[in-house]
Amino acid sequence: MRLGVLDVGSNTVHLLVVDAHPGARPLPAHSHKAELRLAQLLDDAGAIGPDGVDQLVATVREALQAAEDKGVEDLLPFATSAVREASNADEVLSRVRAETGVDLQVLTGEEEARLTFLAARRWFGWSAGKLLVLDIGGGSLEIAYGIDEEPDAAVSLPLGAGRLTASWLAQDPPDAADVKALRRHARAQIARTVGEFSRFGKPDHVVATSKTFKQLARLAGAARSAEGLYVQRDLKRRSLEEWVPQLAGMTAAERAELPGVSEGRAGQLLAGALVAEGAMDLFGVETLEICPWALREGVILRRLDHLPT
C-alpha cells in the first residue's frame with residue numbers, strides 16, 4: 001500500500017510518501033516539505049500566534065492535496081514538540097481538524113525517542129548490539145538506549161536547535177557570552193540524564209539522526225547526500241570540537257555557504273552543534289554514525305507492524 005506520513009515538526013511540515021509492505025523496507029516515493037519554524041513562532045505566552053496557525057492550516061491543506069495526488073491510501077499525521085508545548089495546542093489542533101479534516105496525533109517526547117530508536121534498530125539490525133541513539137530536532141533532543149526494538153531508556157529534553165537559537169542566540173553573529181551560557185545550559189540538562197543510561201553499560205554502537213547531525217557530519221567531511229543512503233557517514237567528536245568555535249564566529253549567511261548547510265538551517269546550526277558536542281562529550285562518544293532513518297520511518301514501521309499479513 002502507499003502510506004503517507006505527515007510530520008508537523010518544530011522546523012518543517014514534511015509529508016513523506018512511501019510504498020510499504022509488511023516485512024519489506026519502505027520505499028520512498030515522494031517528499032513534500034515546507035519550513036514553518038513553529039518553534040520560533042511562539043509568543044511570550046508560549047502560544048502559536050494567529051499568523052502561525054493560519055500558515056500551519058494552509059501548509060497541512062497543501063500536504064493533504066499532495067498526498068491525494070500521489071495516491072496515498074493511509075495518512076499518518078502527527079505533531080511533535082512545537083505543537084505539544086504550545087499553550088494553545090488544543091485550539092491549534094481543533095482548527096487544523098476543522099479546516100482540513102486532519103486529526104494530528106501529538107507524540108510525547110518519549111514516544112518520539114522510542115519511534116526513532118525503532119527506526120535506527122531496523123536500519124542497523126540486531127548485529128549492532130546495544131544502540132545509543134541521539135536525535136536533535138527543532139524543539140527537542142531525544143536520547144534512547146537499548147538492545148531490543150523497544151529501548152531500555154528513552155528521554156526527551158527541551159534542547160532543540162530552533163528553540164535554543166530563538167531563546168539564547170539573539171545576535172548574528174552570536175555574542176560570545178551568550179554562546180558560553182548556552183553551552184553551560186545544554187550540558188547541565190544533558191548531564192542530568194547520563195546516569196539513567198550509564199547503568200545499562202557501554203553501547204556497542206552510537207548513532208544519530210536528524211538534519212542537524214547530518215549537516216555537522218557533512219561539515220566534518222562525510223559523503224554528500226547525493227552519494228546515496230548506504231554510504232557510511234560518521235561524525236567524530238574531535239572534528240566537531242574544531243568546528244564549534246568556527247561556527248560561533250560566523251553569521252548565519254556565512255554558515256549557509258558551508259558545504260551541506262542549507263540556508264534555512266544555517267541560523268540554528270551553532271545551537272545544534274553545541275548540543276551535539278555536549279551529548280557526545282558527556283556520554284563519552286568519540287565517533288557516531290549517521291542513520292538515514294528517523295522518526296518518520298519509525299512511525300511507518302510501527303504502522304506496518306500492525307497491518308495484517
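Here's a quick briefing on the fold, the salt bridges and a few charged residues of this protein chain.

What you're looking at is a predicted model. The protein chain has twelve helices and eleven strands. Its radius of gyration is 19 Å, close to the 19 Å that the globule rule gives for 309 residues, so the chain is as compact as a globular protein of that length. Searching the whole structure turns up 21 salt bridges, and a handful of them are picked out below.

**Overall build**

- Buried residues account for 53% of the 309 residues in the chain.

**Salt bridges, pair by pair**

- As background, side chains of opposite charge can pair when their charged atoms come close.
- E99 pairs with R95 in a salt bridge, and their closest N and O atoms are 2.8 Å apart.
- Both E99 and R95 sit in helix α3 (residues 89-100), where they are four residues apart, or about one turn of the helix.
- E99 counts as partly exposed because its relative accessibility is 37%, and R95 counts as partly exposed at 25%.
- R224 and E227 also meet through their side chains in a salt bridge, at 3.9 Å from N to O.
- R224 is partly exposed, with 42% relative accessibility, and E227 is partly exposed too, at 43%.

- The side chains of R237 and D281 form a salt bridge of 3.9 Å, N to O.
- R237 belongs to helix α8 (residues 237-248) and D281 to helix α11 (residues 269-282), so this pair ties together parts that are 44 residues apart in sequence.
- R237 has a relative accessibility of 14%, so it counts as buried; the cut-off for buried is under 20%.
- D281, with a relative accessible area of 29%, is partly exposed.

**A negative patch on the surface**

- Four acidic residues, D172, E254, E257 and E263, gather on the surface in a patch of negative charge.
- One of them, E254, lies in helix α9 (residues 252-255).
- E254 has a relative accessible area of 42%, which means that it is partly exposed.

- R84 is in helix α2 (residues 81-84), and it is partly exposed, with a relative accessible area of 21%.
- Along the chain, R84 and V106 are 22 residues apart, while their C-alpha atoms are separated by 6.2 Å.
- R192 is part of helix α6 (residues 176-198).
- R192 counts as exposed because its relative accessibility is 66%, and exposed means over 50%.
- From R192 to A144 is 48 residues in sequence and 14 Å in space, C-alpha to C-alpha.

Technical notes: Residues numbered from 1 in each chain as written. Predicted model: local features only at pLDDT ≥ 70, side-chain atom pairs only at ≥ 80, totals over all residues. Heavy atoms only, no water. Patch = residues over 30% accessible without salt bridge, like charges linked within 9 Å, V, L, I, M, F, W, Y side chains within 5 Å. Areas by Shrake-Rupley, 256 points an atom, 1.4 Å probe, with all protein chains shown as cover. Lys, Arg positive; Asp, Glu negative; His and termini not counted. Charge placed at Lys NZ, Arg CZ, Asp CG, Glu CD. Helix = DSSP H or I, 4+ residues; strand = E, 2+ residues; numbered from the N terminus. Buried < 20%, exposed > 50% of the residue type's maximum accessible area, 1.4 Å probe, protein only. Rg over C-alpha atoms; globule rule 2.2 N^0.38 Å.
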